[in-house]
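User: I'm new to reading protein structures and would like to go through one step by step. Can we start with what's on the screen?

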Amino acid sequence: MVNETGFSGTMTFFRAVSAALLLSVYIYVAAVQYWLPVATPVRTEQHATGLEIPSIGIGTWLSDRDAVAHAVEFALKSGYNHVDAALIYENEDQTGKGIRAANLPRDKLWVTSKLWNPHHRLPEAAAAIQKSIKDLGVGYLDLYLIHWPVAFVPGEGTKVDEDTTIVDTWRVMENLARANLTRKIGISNFSKKDVETIMKICEICPYAHEFETHPYLQQQEFVDYHKEIGVKVIAYSPLANTNPTYKDKNTLEPILKDPFWADLAAKKNATIAQAVLAWGRQRDTIIIPKSIHEKYIAENLGALDISFTDSEMRDIADQDKKTRMNNPGKKWGIKLFADLDDPTRLDDKDDEGEDEL
């Protein structure tokens, strides 16, 4: 028979310990941010694994909670060592199960997560990164990104926090790195102007920028700009409009049915997906295709063995549609990607902007 008084006392003890741990992290980060002298290099390496971000990873956005653990485990046992996650995907606990089941040495595994919009202030950011680390079961992150250059007021839905700038958020990110919670920090979905703002003020500068880029939204000048400033590009949705959530966003045929890519893939004795992903790698972007199907997870690794001639790369450049698939700016009432191809059009009734990768 269970002693209810003893059980209640045990639960109270564990809640107190968890609260104390979170408070200690918050106090440490706050101390670094407000009281301790700053003397940091441009980039820090708290966990000296020496591992750089792998060129291909397994994405987890919109992966079913019931399937993502197996997908991640299968990917990591098949040759991947890079997992792209985020708190807002609401599946990091299941992703963590897959990571644990694969049993890779921690210093051979790269794990990215992201700071969601209501968590840009220090107390919320400290709690959010701790939750991601715990749910993923990794001890620390390799890369933590500002998910969007937009802060929401905590607890008030999508109400924009006018008092918190991207510079304020970057200072919080720097101190999460100083607190040894993540090896590297970066950004996601920023405009060029936003990137320039961060680069001007950073004490620990962005390691990577994750944004949408694929053959239908190539943004080659923007990709090249990141090479010039030494920031790696992580390409999300690298297979363009193959994700079912994009089916109503534009009138383009799915890239997997595109005759140009069908012909090019046939020349390479590859699938269309393999050819598209290989193009992403050849232009020095890091690709994170999402799949929960073993067949496609394994097939996508075939992109590592494909290359294109300069002439073929020029032909691919001519296929750019300058069409963005993921843009929640209208829903949030904010013009995103203002200086890039296909920005938010706040007065466009057809731009619903319901996705939030």
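User: Are Cys202 and Cys205 buried or exposed?

Analyst: Quick heads-up before we dig in: this is a predicted model. A residue counts as buried when its relative accessible area is under 20%. Cys202 falls in that group, and so does Cys205, which makes the answer for the pair: buried.

User: How far apart are the sulfur atoms of Cys202 and Cys205?

Analyst: To call two cysteines a disulfide, their sulfur atoms have to be within 2.5 Å. Cys202 and Cys205 do form a disulfide. The gap between their sulfur atoms is 2.0 Å.

User: Which hand does the disulfide of Cys202 and Cys205 have?

Analyst: Look at the torsion about the S-S bond here. For Cys202 and Cys205 that torsion is about 75°, so the disulfide is right-handed.

User: What share of the contacts with a separation of 6 or more is between residues 24 or more positions apart?

Analyst: A contact here means heavy atoms within 4.5 Å. Take the contacts in the protein chain with a separation of 6 or more, then pick out those joining residues 24 or more positions apart. Their share is 75%.

User: Now the pockets. Which helix gives the most to the lining of the largest pocket?

Analyst: That pocket holds about 560 Å³ of space, and 27 residues line it. Two elements give two or more residues to this lining, namely helix 9 (272-282) and helix 10 (294-300). The top contributor, with three residues, is helix 10.

User: How many residues in the lining of the largest pocket are charged?

Analyst: Among the residues nearest the centre of this pocket are Leu239 and Lys290. Across the lining as a whole, 15 residues are nonpolar and nine are polar. The charged ones number three.

User: And how many charged residues line the second largest pocket?

Analyst: This pocket has about 400 Å³ of space and a lining of 22 residues, with Asp194 one of those nearest its centre. Helix 5 (166-178) and helix 6 (192-201) each give two or more residues to that lining. It divides into ten nonpolar and six polar residues, and the charged count is six.

Definitions and conventions
Residues are numbered from 1 along each chain as its sequence is written. This is a predicted model: local features need pLDDT of at least 70, side-chain atom pairs count only at pLDDT 80 or more; totals for chains, interfaces and linings use all residues. Side-chain values use heavy atoms; hydrogens and water are left out. On a 1 Å grid over the protein atoms alone, a cavity is a set of points where a 1.4 Å probe fits but cannot get out, and a pocket is an open set with protein on both sides within 12 Å along at least five of seven lines; lining residues have an atom within 4 Å of a point. Grid points are joined across faces, edges and corners, and a volume is the space filled by probe spheres set on the points. Helices (H or I, at least four residues) and strands (E, at least two) are DSSP runs, numbered from the N terminus. Ala, Val, Leu, Ile, Met, Phe, Trp, Tyr, Cys and Pro count as nonpolar, Asp, Glu, Lys and Arg as charged, and the others, Gly among them, as polar. Buried means under 20% relative accessible area, exposed over 50%, partly exposed in between (1.4 Å probe, protein chains only).
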